[in-house]
Amino acid sequence: MNPQKLPLSAIFASAAFASAASLELPQLPYGYDALEPVISQKTLMTHHTKHHAKYVNTANQLIESGDAALKDLSQEQIMTFYQDNIGLFNNVAQSWNHNFYWHCMKPGGGGEPQGKLADKITHDFGSFGNFMDEMESAALTAFGSGWAWLGYYQDEQKLVVVKTTGAGNPITDGIVPILTIDVWEHAYYLDYQEKRKAYVNAFFDKLVDWEFAEMNYAAFATGKEEL
């Protein structure tokens with residue numbers, strides 16, 4: 001199966017999301033030059049092999065030197081139950097966030113979602129345009145470094161836009177990630193300098209992988225939502 005097309009449930013089961021005993025730096029689902037000109041080869045290679053790799057290596061060091069119980073936990077469990085251990089949380093969460101982010105993009109992506117996810121976005125936000133306004137606002141107002149997410153709040157069977165700073169992840173609030181955009185400066189600064197809005201617009205116009213988001217929604221929605 002093409003790793004680019006794995007739904008969230010399968011991504012969770014992959015080596016990069018499995019037991020935290022030894023995290024792995026995953027191979028990207030496309031080449032380093034595949035997202036050009038939106039994201040340059042230099043930016044993508046630096047982001048993956050330097051920043052993401054450092055989070056993985058540091059997380060492994062902290063897990064190895066920490067409580068023995070850590071090795072039996074998933075990344076999601078560490079993110080949920082060890083939020084007070086700032087160093088551990090930050091590096092495990094950033095390892096998770098980046099692995100998820102890579103799958104939210106594809107060469108020739110962009111446009112609008114189709115099918116049930118599109119219907120649900122219209123139902124919960126009023127229109128795709130309203131959703132995009134919220135998503136762009138979250139991406140542009142994350143102070144300093146952070147992430148903007150489309151998530152699914154299972155308790156209310158509702159899609160929500162979530163803004164997190166630093167290594168934050170909506171999983172810690174019981175919200176399932178459906179899609180994300182990285183707005184840490186290392187994700188775009190070499191290509192866009194201070195123009196975060198230009199990067200955000202290009203991400204949604206030309207890169208976002210709505211098929212991946214649709215599979216994530218389908219994997220966790222109950223199918224009983226009233227639309």
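This is a predicted model: local features need pLDDT of at least 70, side-chain atom pairs count only at pLDDT 80 or more; totals for chains, interfaces and linings use all residues.
Of the 227 residues in the chain, 51% are buried.

**Overall build**
- The chain contains 9 helices and 3 strands, and, read from the N terminus on, its elements follow the order α-α-α-α-α-α-β-β-β-α-α-α.
- When contacts between residues at least 6 apart in sequence are considered, 71% of them join residues that are at least 24 apart.

**The nonpolar core**
- The largest nonpolar core is made up of 68 residues, and those with the most contacts inside it are Phe131, Leu150, Ile181, Tyr199 and Trp210.
- Helix α4, which spans residues 86-103, contributes the largest share of this core, with 8 residues.
- Leaving aside residues up to four places away in sequence, Tyr199 touches Ile39, Tyr101, Ile181, Asp182, Val183, Ala187, Tyr188 and Tyr192; Ile181, among these partners of Tyr199, is also listed with the residues that have the most contacts inside the core.

**Helix α9**
- Within helix α9, which covers residues 210-220, the buried residues are Trp210, Phe212, Ala213, Asn216 and Tyr217.
- Because the buried residues of α9 fall within an arc of 155° when seen down the helix axis, they line one face of the helix.
- Trp210, one of these buried residues, is also among the residues with the most contacts inside the largest nonpolar core.
- At the start of α9, a side-chain oxygen of Asp209 comes to within 3.1 Å of the backbone nitrogen of Glu211.

Terms used:
Residues are numbered from 1 along each chain as its sequence is written. Side-chain values use heavy atoms; hydrogens and water are left out. Buried means under 20% relative accessible area, exposed over 50%, partly exposed in between (1.4 Å probe, protein chains only). Helices (H or I, at least four residues) and strands (E, at least two) are DSSP runs, numbered from the N terminus. The arc is that of the directions from the helix axis to the C-beta atoms. A polar contact is a pair of N or O atoms within 3.5 Å; within protein, one must be able to donate a hydrogen and the other to accept it, and residues adjacent in sequence count only if both atoms are side-chain atoms. Contact means heavy atoms within 4.5 Å. A nonpolar core is a set of buried Ala, Val, Leu, Ile, Met, Phe, Trp, Tyr and Cys residues joined through side-chain atoms within 4.5 Å.
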